[in-house]
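Biologist: I want to learn how to read cavities, pockets and helix packing in a model. Can you take me through one example?

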Amino acid sequence: MKELLIRGQRPYKMLIQPGLLPQAGKYISKTLGGSRAFVLTDSTVAALPSMALSTLCQSLSDEGYEVSPFQIPAGESSKNPSTYLQVVSEMADQGLQPTDILVALGGGMAGDLGGFAAATYMRGIRCVQIPTTFLAAVDSSVGGKTAIDLPQGKNLIGAFWEPSLVLCDPELLLSLPREVFMDGCAETIKYGILKEPEIIRLLRHALEKMSEGPGEAGDSGAVTELLSQVISKAVTTKEFYVHGDVTDKGKRGFLNLGHLLGHAIEAWSQFSLSHGQSVAMGMVLEARGCAGLGLTSAHTANEIHDLIQSFGFAVDPPCTVQDILPYLVHDKRIRNNTIGLIVAETPGSCHMEPYPADQLEEFAKLGFGEQ
């Protein structure tokens, strides 16, 4: 088992091990105690052939927990104020108290929504994150950012609320549709561009193993071991940026690489474009924009373009700068009319450059090639 310590405002652990889910109740009980668990998941997870929801609920019941499962429709469109109110109302109907636990079983949407519900219900109850997607495993399940969306933009209502425990079972990732798995690849590549180029090599190796047929070469044990390594490296890199800056006032801002234009494109598409695809495209466009401003070289921008494209991501935006401008101006990272651009000097080395928010249209046009 890989055990990572996440040094936040309230330090917590992430446990990574194939076959961990049936033991989830044991680890939750050992770490948190308590007597009641509210399990939030979505319709996709509830229908998984792995029976992840029933396995989790059984493991919690075996440890003496009174379990209340609650299912919401899958998809980013559920991460809204209406669904949030349904969740916290159900928590109240179930009589959850401040000593009880919310367990978020799912991808980024369930984790974000569940974390926000835990942060705000009775001014905060403990939360356990159990990621079922690669994106949630390498990124959104750790760090404590929780949020819901508004029509004006993504994650505009939220709170910093770190989980009390994260349990990651890589076996849950083996049956993911390729397009869903690739969402996590985009965030993993981001860590490679920021600080850890080696993670990109590991990721390629994992993808090659996953594409092999049955037999010794395609052995699931080899795949889950590689995925465990990738997840561990990704989370360790994220922890480097989060440590000492949980509330995103400084170095945590580096994790926004690709998210400035990526979030705007994702919101413009009304979330028909996935988060990973949008961020992958955002990394290419932002590198091109930084090159246009003279902050990085055209060579580096081309390297990032070729890297993202080599993983099969689309790199040309399906919209114009005018299309995404309303979402850019509502970016929650704007402070005092300034936003930090994440500039890749070379893949593996980046710095942050303050940039006037009222010039974001010009920056986006450089990235989109509209100038």
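Modeller: Start with a term. A cavity is a set of grid points where a 1.4 Å probe fits but cannot get out, and its lining residues have an atom within 4 Å of a point. Keep in mind that this model is predicted.

Biologist: Which residues line the second largest cavity?

Modeller: The lining is made of Asn256, Leu260, Glu286, Arg333, Ile339, Gly340, Leu341 and Ile342. The space inside is about 60 Å³. Strand β10 gives the most to this lining, with four residues. By class, the lining divides into four nonpolar, two polar and two charged residues.

Biologist: How many cavities of 30 Å³ or more does the structure hold?

Modeller: Five. The largest cavity has about 100 Å³ of space. It is lined by 13 residues, and the closest to its centre are Gly153, Lys154, His263, Tyr327 and Asp331.

Biologist: Which elements each supply at least two residues of that lining?

Modeller: Strand β8, residues 153-160, and helix α10 do. Helix α10 gives the most, with four residues. The classes here are five nonpolar, four polar and four charged.

Biologist: Now pockets. How do I read one of those?

Modeller: A pocket is an open set of points, whereas a probe in a cavity cannot get out. Take the second largest pocket, with about 250 Å³ of space. Of its 13 lining residues, Arg333, Arg335, Ile339, Gly340 and Met352 are the closest to its centre.

Biologist: Which strand gives the most to the lining of this pocket?

Modeller: β10, with four residues. Strands β10 (338-346) and β11 (349-356) each supply at least two. Four lining residues are nonpolar, five are polar and four are charged. Look back at the second largest cavity: Arg333, Ile339 and Gly340 are among its lining residues too.

Biologist: Next, helix packing. What describes two packed helices?

Modeller: The angle between their axes and the distance between the axes.

Biologist: Give me a second pair. At what angle do α10 and α13 pack?

Modeller: At about 105 degrees, with the axes 8 Å apart. Helix α10 covers residues 259-268, and helix α13 covers residues 321-328. The range from 65 to 115 degrees counts as roughly perpendicular. So α10 is roughly perpendicular to α13.

Biologist: Which residues of α10 and α13 make the contact?

Modeller: Leu260, Leu261, Ala264, Ile265, Ala267 and Trp268 come from α10. Asp323, Ile324, Tyr327 and Leu328 come from α13. Nine residues of this contact are nonpolar, none is polar and one is charged.

Notes: Residues are numbered from 1 along each chain as its sequence is written. This is a predicted model: local features need pLDDT of at least 70, side-chain atom pairs count only at pLDDT 80 or more; totals for chains, interfaces and linings use all residues. Side-chain values use heavy atoms; hydrogens and water are left out. On a 1 Å grid over the protein atoms alone, a cavity is a set of points where a 1.4 Å probe fits but cannot get out, and a pocket is an open set with protein on both sides within 12 Å along at least five of seven lines; lining residues have an atom within 4 Å of a point. Grid points are joined across faces, edges and corners, and a volume is the space filled by probe spheres set on the points. Ala, Val, Leu, Ile, Met, Phe, Trp, Tyr, Cys and Pro count as nonpolar, Asp, Glu, Lys and Arg as charged, and the others, Gly among them, as polar. Axes are lines fitted to C-alpha atoms, for helices over the stretch in contact, and angles run from 0 to 180 degrees between N-to-C directions. Angles under 35 degrees count as roughly parallel, over 145 as roughly antiparallel, 65 to 115 as roughly perpendicular and the rest as oblique. Contact means heavy atoms within 4.5 Å.
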